[in-house]
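Keep the sequence and the coordinates open while reading.

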Amino acid sequence: MASVKEQIKGFLESRRATSERILADFLAIPSVSADPHHRADVVRAAKWVAEFLSQMGLHTEVAQPAPGHPVVYAETPYRAGLPTVLVYGHYDVQPAENPALWESPPFEPTIRGGAIYARGASDDKGQVLTHLLSVQAWYEVTKSWPINFKFVIEGEEEVGSLVLEKFLDENGDRLSCDCVVISDGNQFGPDQPAITYGLRGIAYFELRVKGPSRDLHSGSFGGTVTNPATALTMILGRIMGPDGRIAIPGFYDDVVPLSDEERRRLRELPFDERAFWATLGVEAALGEPGYTVLERRWARPTFEVCGLWGGYQGEGAKTVIPSQAGAKISFRLVPRQDPTRIRQALLAYLAKICPVGVEYELVDLHASPAVLTSLDSPYIKAAENAIKAAFPRPPVFTREGGSIPIVSLFQQRLGADILLLGWGQDDDNTHAPNEKFSLADFHRGTLASAYLWEFIRQIAVPEKNSDRHSG
Ligand code: BES
Ligand code: MN
Ligand code: MN
């Protein structure tokens, strides 16, 4: 008789077409969390997830402890002596701007060249679904669950996870677990899976600069007032030097330097900087001196202008001094940098460098610290074994440049191990037109997830952990 693992593999293989249909169904819901017009769609996606979880026998709730989008929570009946895994993911998606740039409409999932195209395909609906399908497969094949599961699938990851923070405040004890499993990132490359042990944090602001009380003729008034758009460029030009170093005093104070050992490991990853730039349509780039591209991308803090406006944007020329200008700016942070301290350091620096004749306002948009996880954990070992069994190559160990705001809170509050197992690819076009997810990665991710539960089942859980569960 086939082993349980083989039976589950066979089950998943026999259901590939069904799984793809389920994915397409999920992707067709335009659950754009940032856009109030899509409120009802966001709720619809929450209900879709809740329905799926309760159909596979889990106790499921749709919670909304504060204004915002619902959190879907589900759990299996607790069985002592088995590890408890909390699966986290998000069902909300980024806006699909600009629809004209999509080859097929963003919410009409379309399969082309072995990938499914739709907003949310890779970030994060497709990746969330790998875990839902793997647990469902275990339930269908064994009529039970291999370990204890908790699911937290939220609808605000792309807008800062405020409702989930409240949910965590109110349900901290219920969420206790041995390990948090998250698939919301990328592999190292095609056919090269990765286990990710670090995420950058973020401090994101809108900077508004105000000058004269109204727009002015730039001939009549040029030279007599400070132009807010010009002032803004002066300010932005002083935040980062031409060498990519951030000039804000104190900005690097808490940055933990990369160890020689980690730098050595990162250099061993098969990475060709020129080939990487070529895929992005550039030949070279500014960057912090003394660091490789992978180090700059994963383990060093950065400053980015994400949006910029002010003055005339239409056809041809208009000679005008705008009364206001603004920018969306973000800092990616590394372990030990505190977003609140970064904000204070920025405010102090702005006070020093702002040209005379304009005023500014700094609006807070996102703040979350970076995450670093331990590689020395039985859960990492389990993930390594599961990935080895489902993908053509064993995983490499990577960090990510992106941020998942709730993860550092999970780490602090739950004290659990964190497993970041991204099934996506760097060219999935997340947050951009023509987002896609490879169907091969979708199925392999699902299989790896199913195997992961089996490997985790073999981990002995300390008594104290089991005691924290109420049963
Ligand atoms: N899934 C991404 C984070 C990510 C990106 C992980 C790339 C690994 C590789 C997540 O959905 C995301 O976009 N996060 C935002 C957070 C922000 C809105 C606070 C980010 O990183 O910009
Ligand atoms: Mn995501
Ligand atoms: Mn995202």
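The model discussed here is predicted.

Start with the manganese ion (ligand 2). Its coordinating residues include His90, through NE2, and Asp123 and Asp184, through OD atoms, at 2.0 to 2.5 Å. The six donor atoms around this ion subtend angles of 56 to 166 degrees, and the arrangement is therefore irregular. For reference, ideal angles are 90 or 180 degrees for six octahedral donors. Along the chain, the donor residues of ligand 2 follow the pattern H-x32-D-x60-D. His90 belongs to strand β3 (residues 84–90) and Asp123 to helix α4 (residues 121–142), so this pair ties together parts that are 33 residues apart in sequence. Both His90 and Asp123 are buried.

Ligand 3 is coordinated by Asp123 (OD), by Glu158 through two OE entries, and by His431 (NE2), at 2.0 to 2.6 Å. Here the six donor atoms subtend angles of 55 to 156 degrees, which makes this arrangement irregular as well. The donor spacing in sequence is D-x34-E-x272-H. Glu158 sits in the loop between β6 (148–154) and α5 (162–171), and His431 in the loop between β17 (417–420) and β18 (436–438), so the pair links parts of the chain 273 residues apart. Glu158 is buried, with a relative accessible area of 13%, whereas His431 is partly exposed at 44%.

Helix α7 (residues 228–239) has twelve residues and spans 17 Å between its first and last C-alpha, close to the 16 Å expected at 1.5 Å a residue. Its buried residues are Pro228, Ala231, Leu232, Ile235, Leu236 and Ile239. They cover an arc of only 135 degrees around the axis, which puts them on the same side of α7. An α-helix has 3.6 residues a turn, so residues three or four places apart point the same way. The cover over the buried residues of α7 includes β9 (201–210), β11 (302–310) and α11 (339–353). At the start of α7, a side-chain oxygen of Asn227 comes within 2.8 Å of the backbone nitrogen of Ala229.

Helix α14 (residues 439–457) has 19 residues and reaches 27 Å from first C-alpha to last, close to the expected 27 Å. This helix is mostly covered, with 17 of its 19 residues buried. Its N-terminal end is capped by Ser438, whose side-chain oxygen lies 3.2 Å from the backbone nitrogen of Ala440.

Notes: Residues are numbered from 1 along each chain as its sequence is written. Chains are lettered from A and ligands numbered from 1 in the order in which they are written. This is a predicted model: local features need pLDDT of at least 70, side-chain atom pairs count only at pLDDT 80 or more; totals for chains, interfaces and linings use all residues. Side-chain values use heavy atoms; hydrogens and water are left out. Donors are N, O and S atoms within 2.8 Å of the metal (3.2 Å for Na, K and Ca); water is not among the atoms, so sites may look incomplete. Four donors count as tetrahedral if all angles lie between 85 and 135 degrees; four count as square planar and six as octahedral if opposite donors are over 155 degrees apart and all others between 65 and 115; anything else is irregular. Helices (H or I, at least four residues) and strands (E, at least two) are DSSP runs, numbered from the N terminus. Buried means under 20% relative accessible area, exposed over 50%, partly exposed in between (1.4 Å probe, protein chains only). The expected span of a helix is 1.5 Å times one less than its number of residues. The arc is that of the directions from the helix axis to the C-beta atoms. Contact means heavy atoms within 4.5 Å. A polar contact is a pair of N or O atoms within 3.5 Å; within protein, one must be able to donate a hydrogen and the other to accept it, and residues adjacent in sequence count only if both atoms are side-chain atoms.
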